[in-house]
Amino acid sequence: MGTRTRLRVTTALAVFTLAATACTGGGSGTGTAGGPVGKGGSLPRDETLYTTGTQWGPPANYNPLRNWDHATGTKGLVYETLFHFDPNEGELTPWLAESGGWTDDTTYEVKLRPGITWADGTPLTAKDVAYSYGLGKIEASAFHSLWSWLSDAKAVDDTTVRFTFKEARYQEWDSTLYGQPVVPEHVWSSRTDEDVLNGVNDKPVGTGAYKLRSKTQDRVVWERRDDWWGTKALKMTPAPRYIVDVSNPSNEVVIGQLGQGQLDLSNNFLPGASSLVKSKKVVSYYDEAPYMLSANTAWLVPNTTRKPMDDAAFRRALAASVDTGKIVKGVYGDLVKPASPTGLLPQWEQFDDKALIAEKGFTHDAAAARKELADAGYKDKDGDGFVENKDGSALGLKLAVPSGWTDWMEAAKVIAAGAKDAGIKVSTEFPDQNALNEQRGKGDFDLVINNERQLSNTPWTYYEYMFQMPVQKQQNTVNFGRYENEEAWKLVQELGGVKTDDTAGMKAAVSKIQDIQLTEMPIIPLWYNGLWSQSTTGSWTNWPSDAEGAPKTAPALWRNWLEMGGFETLTQLKPAK
Amino acid sequence: MRRYFARKLLIYALTFVVAVTVNWMIPRFMPGDPVSAMVARARVSQPEAAEAMRTYYNNLFGFDEPLWQQYLHFWGALLQGDFGISIFVFPTPVGDVLLDALPYTLGLMIPAVLLSWFVGNWIGALSARRKVLDNTVLPAGYLLTAMPYMWIAVILAWALGAKAGWFPISGGYSLDIQPGPSADFALDALHHWVLPFLSLFLVALGGWAIGMRNMIIYELESDYASYLSALGAPQRLIRRYAFRNAVLPQVTGLALQLGVLVAGALVTEIVFAYPGLGSLILAAIQNQDFFLLQGAFLFIVIGVLIANFLIDIVYVVVDPRTRTGMAGGTS
């Protein structure tokens, strides 16, 4: 037995030494970390774009109708939409559609480009479009609500689709036109509703410039289709033959991979991004503050069903107490911009009513906040430095942000400190994200920070977010503060009914809404989150930037951003050599 | 022999039932509602549409049934090898998601646990007899065991990965490699495997070495050793007996280690962004993926039971007292 034991030990040792040498062997074989990537791999480095920051988990499915959890790129790279949206010009660009327009107030006609084929060779026809929009009739479909105001989608001939409306929501319709993917009827029509809504669709057949090449737990590889219609019709060719989209586990890992040139584009929020840009390790849209384009507004959402947040004067005082400048500088290191008093993104600046803002807008001003509180009847009766409710009861609010969102956690502390200066007692709490989502939906909170809505073709999306009614038991994505104002909601609906090319009409409608917004302050704009994007130039150059001659498209492959310039960015890239 | 194993199997079966039940219960009593999370992620703002989706998914996942029915269905599906559908990686079956990650975890943990056990015991046994080794290995061992996984992992990543540049510090394989049965992939995966392996190996190594060293010294000073010595038996023989006795507690320790095999690498996997079960469990928790979480825990439970069963068999071989028990002497 003794010898046997010893023998076992020595074998184990031999195995270990073997393993160790094998490892070092492997090491020199594939090069050191960050060494010559591409060696031994199947994808040539100079034809491959490595990107990350678009998804946090394994690529789940390739079903373009599941716009919230399909692998990023399913819509945009494989499946396409009728239009794209150009945020710089603020207008739709024809994509699958050659043109589109209102033939009367409730009829919209789309003319498709001729000669577009699906990846399997079948031509794209108007029937495919009508079929794709018709899928929204399935009750559990995520865009089922479209059919509460759309009444029919019909193929008139091979290249003409006619949409007729019960109620024309022009603003919303434009977002739909560049948001809704078109799927092939001849592949999808044999599927059950269940499969349409929830199928994994791992052999996607689209009209797009890419097809699915392979997928694993942490990445998707897209491969360019050389017979893509856009090469001829749009004179565009996406530069990378392969796109490898890596789902990244953590920021530290991303920084390491960027530093080693393994990644070409990271759409992650990296807290130290400004120093990476300054040291020329990566490039971003601007080479100085704010470095990034703006993508969405972060709001402070007060629960207006609770006292004293149901009081507009209190909300205005709270708004004036927030030191956004300190958040922008201290927390974000100037990576973001403070929001305007209306919270509208810079891309929508033309809709800000300057005169109204000058009159009713707010700035950070602790004294003004204190005065507003005092005028409204909030007094510090017990002398502890914090005001009490009007009825004399103690006032203490909780500001909740998800645990682990370090930038928001820091921002919450700044907000609490600002509120303290104004005499409002605000404490911070950091619950688990899912628990917080649930509380937020049920209205079980005092204050939260939220940035649910992204840049879109119209500020209408922001006003819907602010004012949507009626308030439900469970608020899913909008009006978390449960603010109720019939008049405001009516105005928002009116704005929705203004044609999108009627800028003057939109401005007039927005101005009326802004008047209510600035007086009532249902939610408080904080800062504009950036379109986080940092690129390396070792393999690909000509990234979008504000420099002269550089592309001005969105440098992001985020969900829904491929239609807002992300795809065009791919066509502008140039190999480094 | 048959009675011994029959009794063991019964105990394992009972443990399994209890573990599965607890496993089923825990996520259902966690705060948060996965269907709400899903509907919220779908960004459906129109109330009627959201309600329709909620109903649909509640029905799809069976959350609209009474609890006892959900429990029975859970067992029914489980016995058919169906772990349900992942919410996080919708609509991939949980089993597939787990099986993708399992090789990485096992490939990391089995060598780490077994090698650290063999090498640790060997070093421990040697250092019990050699002053020099005792003075060097032991303090190092204490240092290693006292170090948290995370700490040593970060140090290794920094020193051998970031500074020396010998090993990649994240992922299971390079960005440009396709997993598959190729030499390129094997080498690349091995290259990525080294640092996480080392972090696990080094920490465990110290513990085994210290344990073994102390046990051997204890055995060498025990009565039977002195008696053998007085009888004039050669030191070699005494040491052999001492080793055989000392190794028994270590075998028990190994059983415990093997049991937590799957879960043990959680921290390491997160530090090195290694695509194993540990990372998956974290993601499942963060995404409130009931089914994935249950599946992962079930894997752990099954792992613990199998490991223990194996060790039971090993005991029969290494510990004569078990055999005596089976022969019907005492039980």
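**Questions on a predicted model**

Me: What relative accessibility does A:N542 have?
Reply: Buried means under 20% relative accessible area, exposed over 50% and partly exposed in between, with a 1.4 Å probe and protein chains only. A:N542 counts as partly exposed, because its relative accessibility is 22%.

Me: At what pLDDT do side-chain atom pairs count?
Reply: Residues are numbered from 1 along each chain as its sequence is written, chains are lettered from A and ligands numbered from 1 in the order in which they are written, and side-chain values use heavy atoms, with hydrogens and water left out. This is a predicted model, where totals for chains, interfaces and linings use all residues, local features need pLDDT of at least 70, and side-chain atom pairs count only at pLDDT 80 or more.

Me: What is the phi of A:N542?
Reply: A:N542 sits in the loop between strand 21 (540-541) and helix 19 (566-572) of chain A; helices (H or I, at least four residues) and strands (E, at least two) are DSSP runs, numbered from the N terminus. Most residues other than glycine have a negative phi. A:N542 is not a glycine, yet its phi is positive, at about 65 degrees.

Me: Which omega does the peptide bond from A:A289 to A:P290 have?
Reply: A:P290 is in the loop between helix 9 (273-278) and strand 14 (294-302) of chain A. Most peptide bonds are trans. The bond from A:A289 to A:P290 is cis, with omega near 5 degrees.

Me: How much of chain A is buried?
Reply: Chain A exposes about 22100 Å², of which carbon and sulfur atoms supply 51%; areas come from the Shrake-Rupley method with a 1.4 Å probe, and for residues only the protein chains shown count as cover. Of the 577 residues in chain A, the buried share is 57%.

Me: Which residue meets A:K499 in a salt bridge?
Reply: A salt bridge is a side-chain nitrogen of Lys or Arg within 4 Å of a carboxyl oxygen of Asp or Glu. At 3.2 Å from N to O, the side chain of A:K499 pairs with that of A:D105. The pair links distant parts of the chain, 394 residues apart, with A:K499 in the loop between helix 17 (486-496) and helix 18 (503-520) of chain A, and in the loop between strand 5 (97-104) and strand 6 (107-112) of chain A, A:D105.

Me: How far apart are the closest N and O atoms of A:E109 and A:R162?
Reply: A:E109 is partly exposed because its relative accessible area is 23%, and A:R162 is likewise partly exposed, at 31%. They form a salt bridge, and their closest N and O atoms are apart by 2.8 Å.

Me: Which side chain of opposite charge is nearest to B:E269?
Reply: B:E269 lies in helix 12 (residues 266-271) of chain B, and its side chain reaches the backbone nitrogen of B:L277 at 3.4 Å. Lys and Arg count as positive and Asp and Glu as negative, while His and the chain ends are not counted. B:E269 is buried yet has no salt bridge; 14 Å away is the nearest side chain of opposite charge, A:R219.

Technical notes. Polar contact = N/O pair within 3.5 Å; in protein donor to acceptor, adjacent residues only side chain to side chain.
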